[in-house]
Amino acid sequence: MTLWNGSFPFYPGANACFPFDTTWAVIVSVFLSLLATFIIILPGIRGKGRLFWFLRVVMGLFVGAVVLTIQFTRDWETGWVTANTSYKSFSRALVNADIGLHIGLAGVNITLVGNPVNQVNETIDYNEHFAWSFDADYDHSYGEGLEKGLPSPILYVAEKFTTQSPCSMHRQYRISGHYASLTLWMAFCTWLISILLFSMPILLYGGYMLLLTAALMLFSLLFFFTARNTPKCPIQFGPASLKTDYGGSFWLTLATGLLCLLLGLAVIILNSRHPEKLKLVFNLDERKGEKEAWDKSYLPAEPSSSTQDVLMVPLGELCEVTATQL
């Protein structure tokens, strides 16, 4: 390959893109807007039930936002390594850079950041996403990266996940990601049903739906766990090795699943042993008292005993008494 203006004929500059899927930012914004709306109407709720109502709203929105957001995050498994490595093919130039691997349910992100960023007359700051969802072709994305002339470290890591790689990591992560995503969508549906049941209110079955939501979230972790614990090909950059570990999305899913499990169990136990306390948490006693007061205020006053006695006198006797007095 010949030089052109003293450099190799690759596409200049880094691929500038967001280090995350902007879909999750939209989801978080929607749930924060809902939370702000509920905070605005909070002063309109009277009595001690205001605090319990606010806690229920915060918990419900938090669980829903987490279940929906982690579908699109790319840090279920992450890893970093700092190494001296070749920058481009057919070049002897070495660069010192941080190489990152971020695995999500729908694909993998590979980052390359130079130390310092400006080296070999270029800005080394790359973030490339390779998707393996149902409507994406991972090998095609990898082929486009080859055509664009992406840096060698990115192509080296991306090659490990291709369908032609002997590592077989593509099939493992793709299948586990699909099943984990499916169970999370089911968990989102059961969360919606639990919110509906609690608002009706059918508290016991709402607790059951929370338990089902927790079980589905924990099953999604199990599916991803099976992929990560299969044998993998080593990713070596000279003496340095890129090793991955569970990321923030994995631990957030685990914490939220355990939270749903505890809340569901608490609702079921309180419903069986202390139903009056459960009604207090859901403001059912105050609602009942307000309803009775409302009904009594619009009912006609009961007649006195003397009035009832007069009404019970036969009509004939009433006429006789009237005639005698006259």
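A salt bridge is taken here as a side-chain nitrogen of Lys or Arg within 4 Å of a carboxyl oxygen of Asp or Glu. By this rule the count comes to 1 salt bridge in the structure, which is a predicted model.

**View 1. The salt bridge between K148 and E128.** The pair consists of K148 and E128, with the closest N and O atoms 4.0 Å apart. Helix α3 covers residues 138-148, and strand β4 covers 122-131.

**View 2. The open sheet and its edges.** The sheet is open and has 5 strands, in the order β4-β3-β2-β1-β7, with antiparallel pairing. Its edges are formed by β4 (122-131) and β7 (245-246); each has a single partner strand, so one side of each is left without a neighbour in the sheet. Strand β7 is joined to β1 by 2 bridges, and the two run antiparallel. β1 and β2 pair over 10 bridges, also in the antiparallel sense.

View 3. Which residue of β7 stands opposite E77? The residue is Y246. In β2, the residue opposite E77 is I103. I103 in turn stands opposite V108 in β3, and V108 stands opposite F130 in β4.

View 4. Strand β2 (residues 94-103) pairs with strand β3 (residues 107-119) over 7 bridges in the antiparallel sense. The antiparallel pairing of β3 with β4 has 9 bridges. The hairpin of β3 and β4 has 2 residues between the strands. V120 lies in the loop between these strands. Its phi is near 45 degrees, a positive value in a residue other than glycine.

**View 5. Two cis peptide bonds.** The peptide bond from N115 to P116 is cis, with omega near 5 degrees. P116 is placed in strand β3. A cis peptide bond also runs from M200 to P201, with omega near -10 degrees. Where is the place of P201? P201 is in the loop between α5 (169-199) and α6.

**View 6. Helices α3 and α4.** The axes of α3 (residues 138-148) and α4 (residues 152-159) come within 11 Å and cross at roughly 160 degrees. An angle over 145 degrees counts as roughly antiparallel, and α3 and α4 are therefore roughly antiparallel to each other. Their crossing is left-handed. On the α3 side the contact is made by Y138, Y142, G145 and L146, and on the α4 side by L155, A158 and E159. These residues divide into 5 nonpolar, 1 polar and 1 charged.

**View 7. Helix α4 on the sheet.** Which strands does α4 lie across? The helix lies across β1 (77-86), β2, β3 and β4. Relative to β3, α4 runs at about 160 degrees.

**View 8. Helices α2 and α5.** Two packed helices are described by the angle between their axes and the distance between the axes. For helix α2 (residues 49-69) and α5, the axes come within 9 Å and cross at roughly 160 degrees. The two helices are therefore roughly antiparallel to each other, and α2 passes α5 in a left-handed crossing. From α2 the contact takes in G60, V63, G64, V67 and L68; from α5 it takes in L184, W185, A187, F188, W191 and I195. The contact residues divide into 9 nonpolar, 2 polar and no charged.

**View 9. Helices α6 and α7.** Helix α6 (residues 203-228) packs with helix α7 (residues 248-273) at an angle of about 155 degrees, and their axes are 8 Å apart. α6 and α7 are therefore roughly antiparallel to each other. The crossing in which α6 passes α7 is left-handed. How many residues of this contact are nonpolar, polar and charged? They divide into 18 nonpolar, 8 polar and no charged.

Methods
Residues are numbered from 1 along each chain as its sequence is written. This is a predicted model: local features need pLDDT of at least 70, side-chain atom pairs count only at pLDDT 80 or more; totals for chains, interfaces and linings use all residues. Side-chain values use heavy atoms; hydrogens and water are left out. Axes are lines fitted to C-alpha atoms, for helices over the stretch in contact, and angles run from 0 to 180 degrees between N-to-C directions. Helices (H or I, at least four residues) and strands (E, at least two) are DSSP runs, numbered from the N terminus. Angles under 35 degrees count as roughly parallel, over 145 as roughly antiparallel, 65 to 115 as roughly perpendicular and the rest as oblique. A crossing is left-handed if the near helix is turned anticlockwise from the far one by less than a right angle, and right-handed if clockwise. Contact means heavy atoms within 4.5 Å. Ala, Val, Leu, Ile, Met, Phe, Trp, Tyr, Cys and Pro count as nonpolar, Asp, Glu, Lys and Arg as charged, and the others, Gly among them, as polar. Two strands pair if DSSP finds at least two bridges between them.
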